[in-house]
Amino acid sequence: MTHKHRIVFLLYPECESLDFAGPASVFHAANGRAEETIYTLQYVALNGEDITTNAGLTVRTKDANSLRLGARDTLIVPGAESLALSSELKRRASIDLIQRLATNSGRVASVCSGAFLLAESGLLDNRRATTHWEATSDLKASYPAIKVEPDALYTVDDNIWTSAGVSTGIDMALAMVKHDLGSEIMRGSAQRLVVHSQRAGSQSQFSTLLKAQASGNGEFSDLISWMNANMRNRINVAGLAQRCAMSERNFHRKFTKVVGQTPAKFLDGLRMQHAKELLDAGQMVKAVTIAVGYGSESGFRNAFEAYFGLSPSVYGSLNNSLD
């Protein structure tokens, strides 16, 4: 018999809607894939009042004061914009409530700036944690005992989970499903929601693609988008230069200066990162080889091992062993 889990969302006025709605949808999708109710969802607030979120949604909650959590329960605290968060941080009753609920909870998690509420309660002291990239410096300065990981999508330190912000709450929830129910249910849940099949927590909040597109005021943004969308096809520097209406020599020089890598090296990196994501999603090496534009499986294997230091087969096995 599969163990049941209760997911408790602790809401407060003007909290971010997506911070709890995204993860809630993941757990609901997991129930559908498991064909039984593994996760029950509960929305609570300090006094059980109706909560109006930042998006104007009104959520009916239960009173959290009499709530008791156990080993099969997960407490999730969403974030909010600065004014609402500041108000909540000053409500001592809210901080005391988090401390009490966390005491016996099997898992405690935050999404985005919800990390500040966990930090204020002392739950993040001497632990690894993250939050939205715009707030990581403030988190570190305000709570120096925390080991802030500014570039992580989400972190796991014992039973404390923190995620970077909004959509990364979905990644964190998918990782929880993977931990609880295995890769197959997690992947099915991701497919149901039409999202990436759980990005690794160590993956940067800033993708290679976005960083490059932002370089030089976005001078090569359209070209990089085209490269990303067409990497399964044969691409060479001459063709890229032609798309930019530039000579090959001038294009090579300017692209390298703006992006920080030669066009060929950047494309190789883009292909390898995409290959890693496809392997994370459980795709076979043969399919990944085609998807990232390699003519032979052996050529792809050699390139992947040179880039990451291990073969794609070993990488896939290690990823799947984390269930």
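**Loop, helix and ring contacts in the predicted model**

Glu 219 sits in the loop between α8 (208–214) and α9 (221–229). Helices (H or I, at least four residues) and strands (E, at least two) are DSSP runs, numbered from the N terminus. The model is predicted: local features need pLDDT of at least 70, side-chain atom pairs count only at pLDDT 80 or more, and totals for chains, interfaces and linings use all residues. Residues are numbered from 1 along each chain as its sequence is written, and side-chain values use heavy atoms, with hydrogens and water left out.

Glu 219 is partly exposed, at a relative accessible area of 39%. Buried means under 20% relative accessible area, exposed over 50%, and partly exposed in between (1.4 Å probe, protein chains only). Beyond its neighbours within four places in sequence, Glu 219 is in contact with Lys 254 and Val 258. Contact means heavy atoms within 4.5 Å. Glu 219 and Val 258 lie 39 residues apart in sequence, with a C-alpha to C-alpha separation of 8.0 Å.

Helix α1 (residues 17–34) and helix α7 (residues 183–193) have axes that come within 8 Å and cross at roughly 115 degrees. Axes are lines fitted to C-alpha atoms, for helices over the stretch in contact; angles run from 0 to 180 degrees between N-to-C directions. From α1, the contact uses Ser 25, Val 26, Ala 29, Ala 30, Arg 33 and Ala 34. From α7, Ile 185, Gly 188, Ser 189, Arg 192 and Leu 193 take part.

Eleven aromatic pairs are found in the whole structure. Rings of Phe, Tyr and Trp (its six-membered ring) pair if their centres lie within 6.5 Å; planes under 30 degrees apart count as stacked, over 60 as edge-to-face and the rest as tilted. The rings of Phe 9 and Phe 20 have centres 6.5 Å apart and planes at 55 degrees, so this pair is tilted. Phe 9 belongs to strand β1 (residues 5–10) and Phe 20 to helix α1, so the pair ties together parts eleven residues apart in sequence. Phe 9 is buried at 0% relative accessible area. Phe 20 is buried as well, at 6%. Elsewhere, ring pairs link Phe 220, Phe 251, Phe 255 and Phe 266 into a cluster.

The whole structure holds zero disulfides. A disulfide is a pair of cysteine sulfur atoms within 2.5 Å. The sulfur of Cys 15 is 12 Å from the closest cysteine sulfur, in Cys 112, too far for a bond. Cys 15 is buried at 0% relative accessible area. Cys 112 is buried at 13%.
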